[in-house]
Amino acid sequence: MSERNLRGSRLGGASLESEAGVEPAERQQVTYHCPNGHSVTVPMSLEADVPPLWECRCGAEALRADTDAPEKKAGKPARTHWDMLLERRTIAELEVLLDERLELLRSRELIKRSA
């Protein structure tokens, strides 16, 4: 019996739900201006928290038309390998290690030349 109902109905091809009685949320048009001269208009719900910045199609950050630029958060600078090394060792310790390694390399070089 169920085979007859599914035959020829293109399963997954179309939704069986209707949009009768469905009301979309109220929307607002928010305009953003890019520093490269582009304008971006984004439809958003009236209930949505509208962000002050939006990514433009060119990749730059576009600012909302009716707001000021938000304050940039002060981020920590990236720690380099050298910074982390200086947390563990002093310059004097590093110079001693460098001298030891250079002496070891030079002694290996002398062994290879004599062989």
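Leaving aside its neighbours within four places in sequence, His38 is in contact with Tyr32, His33, Cys56, Arg57 and Cys58, where contact means heavy atoms within 4.5 Å. The model discussed here is predicted, so that local features need pLDDT of at least 70 and side-chain atom pairs count only at pLDDT 80 or more, while totals for chains, interfaces and linings use all residues. Residues are numbered from 1 along each chain as its sequence is written, and side-chain values use heavy atoms, with hydrogens and water left out.

According to the unreviewed UniProt entry, the feature "binding site" is placed at Cys34, His38, Cys56 and Cys58. These residues span 25 residues in sequence, yet no two of their C-alpha atoms are more than 8.7 Å apart, so they gather at one spot. UniProt positions are given in the numbering used here, feature names are shortened, and annotations may be inferred rather than shown by experiment.

His38 is found in the loop between strand 1 (27-33) and strand 2 (39-45), whereas Cys58 is found in the loop between strand 3 (53-55) and strand 4 (61-64). Helices (H or I, at least four residues) and strands (E, at least two) are DSSP runs, numbered from the N terminus. When neighbours within four places in sequence are left aside, Cys58 is in contact with Cys34, Asn36 and His38.

| Residue | Relative accessible area | Class |
|---|---|---|
| His38 | 22% | partly exposed |
| Cys58 | 37% | partly exposed |
| Arg64 | 18% | buried |

Arg64 lies in strand 4, and Tyr32 stands opposite Arg64 there. Strand 1 and strand 4 pair in the antiparallel sense over 2 bridges, and strand 3 and strand 4, which also run antiparallel, are joined by 3 bridges; two strands pair if DSSP finds at least two bridges between them. Strand 3 and strand 4 form a hairpin with 5 residues between them, and Gly59 in the turn has a positive phi of about 100°.

As for confidence, pLDDT is the predictor's confidence in each residue, from 0 to 100. The mean pLDDT of the protein chain is 84, and 85% of its residues reach 70 or more. Among the elements of the chain, helix 1 (residues 2-6) has the lowest mean pLDDT (56), and helix 2 (residues 81-88) has the highest (94). Where pLDDT is low, the predicted coordinates should not be read in detail.

Technical notes:
Buried < 20%, exposed > 50% of the residue type's maximum accessible area, 1.4 Å probe, protein only.
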